[in-house]
Amino acid sequence: MSLSSIINNIPKAELHLHIEGSLTPELMWRLAKKHSVTLPYASVKEIEAAYNFEDLQSFLDLYYAGAGVLRDEEDFFTLMWEYLSRCHKENIVHTEIMFDPQTHTERDIGFDVFMPGFLRAMDKAKQEYGISSYLIMSFLRHLPESAAFETLSEAEPYYKHITAVGLDSSELGHPPSKFERVFKKAKSLGFKIVAHAGEEGPASYIWEAIELLDVDRIDHGVRCQEDKALMALLRERQIPLTVCPLSNLKLCVIDDMKQHNIVELLNEGLLVTVNSDDPTYFGGFLNDNFVALQESLDIDEDTIRTLAANSFKSSFLPEDVKRSFV
Ligand code: HPA
Ligand code: ZN
């Protein structure tokens, strides 16, 4: 079997996916028409052409503007259903999906609008495709900690549907330490903890995520190699890194996929996984990320199988279910 068939056919879990970052230009266009929202683009092609970024912030500006077309429960259902249908095509059998409540509550669209839409699509995907999915509620780190506390409290009616709490948005200047108290509270409520760290930010942000937020996983984390002691800790504790290769390329964290350090991290004994982050903005869903790595790096069938096994090992699935996949 060719490597690309193995990539397509092997069962996988996806652990780093922002649902708002799976909004296709076609759906954005359709919803803009539906709600009479004026987009700064004249066609779907123009939307696609705008997706050239120089750093994380230049992406986030378009990503938050794009999410402005999501207005009613049906929109959130459709967004989630389109992503989960894509998972079915790609043999993603389990997915842990981040959503950014503040991107919507700041526009007066509440949990009672987006949560029922998300949950209905997740139930349907379980019924029709057998896909299991968990939700990760992410706080926007460019906003104050008090806003994260408010969001945590607004989410209360939906706690049983949320597995983990995370931290995303503009990294530089917003270290994990800014959110120490709200993550302590989230942990005490029983949530798993993840945080973006070491994407654009330094290795010290990864330390803070581990020591102050007590994370179960690090999102991105590719800058960990700058610190030997940190590498040793990640190896020893097997703290997973959810790495997103096409995202790193599109946001200029690397200049060329040949420079990606994922194989080095793997060879150093770290628990790394492959993920798509914001697939419609970064030019590829999960299998495209595997293919991009395989085309540029020294990756054989064993490496692909290890990365797929790592995706289950690093998930929040119950231990017995994890074991059935690795
Ligand atoms: N980094 C930080 N925040 C984000 C990202 C990312 O890659 N995607 C969506 N929000
Ligand atoms: Zn991300």
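The following questions and answers concern a predicted model of a protein chain with one described ligand shell.

Q: How many helices and how many strands are there in the protein chain?
A: The secondary structure of this predicted model includes both types of element. The protein chain has 17 helices and eight strands.

Q: What radius of gyration does the protein chain have, and why does it agree or disagree with a compact globule?
A: The C-alpha atoms fill a box of roughly 50 × 45 × 40 Å along the principal axes. For 326 residues, a compact globule would have a radius of gyration near 20 Å, and the value of the protein chain therefore agrees with this. That value is 18 Å.

Q: Is helix 5 roughly parallel or roughly antiparallel to helix 7?
A: Helix 5 (residues 73-90) and helix 7 (residues 111-129) have axes 7 Å apart and pack at an angle of about 30°. Because angles under 35 degrees count as roughly parallel, helix 5 is, relative to helix 7, roughly parallel.

Q: Which hand does the crossing of helix 5 and helix 7 have?
A: The contact involves residues including Phe76, Phe77 and Trp81 of helix 5 and Phe114, Phe118 and Tyr129 of helix 7. By class, this contact has 13 nonpolar, two polar and five charged residues. The crossing of the two helices is right-handed.

Q: At what angle do the axes of helix 8 and helix 9 cross?
A: The axes of helix 8 (residues 145-154) and helix 9 (residues 180-188) come within 9 Å. Helix 8 is roughly parallel to helix 9, and their crossing is left-handed. The angle is roughly 20°.

Q: How many charged residues are in the shell around ligand 1?
A: Ligand 1 is surrounded by His18, Gly21, Leu56, Tyr63, Asp168, Ser169, His196, Glu199, Ser247, Asp277 and Asp278. Of the shell, two residues are nonpolar and five are polar. The number of charged residues is four.

Definitions and conventions:
Residues numbered from 1 in each chain as written. Chains lettered and ligands numbered in written order. Predicted model: local features only at pLDDT ≥ 70, side-chain atom pairs only at ≥ 80, totals over all residues. Near = placed C-beta within 6 Å. Nonpolar A, V, L, I, M, F, W, Y, C, P; charged D, E, K, R; others polar. Axes fitted to C-alpha atoms, helices over the stretch in contact; angles between N-to-C directions. Helix = DSSP H or I, 4+ residues; strand = E, 2+ residues; numbered from the N terminus. Parallel < 35°, antiparallel > 145°, perpendicular 65-115°, else oblique. Left-handed = near helix turned anticlockwise from the far one by under 90°. Contact = placed C-beta atoms within 7 Å. Rg over C-alpha atoms; globule rule 2.2 N^0.38 Å.
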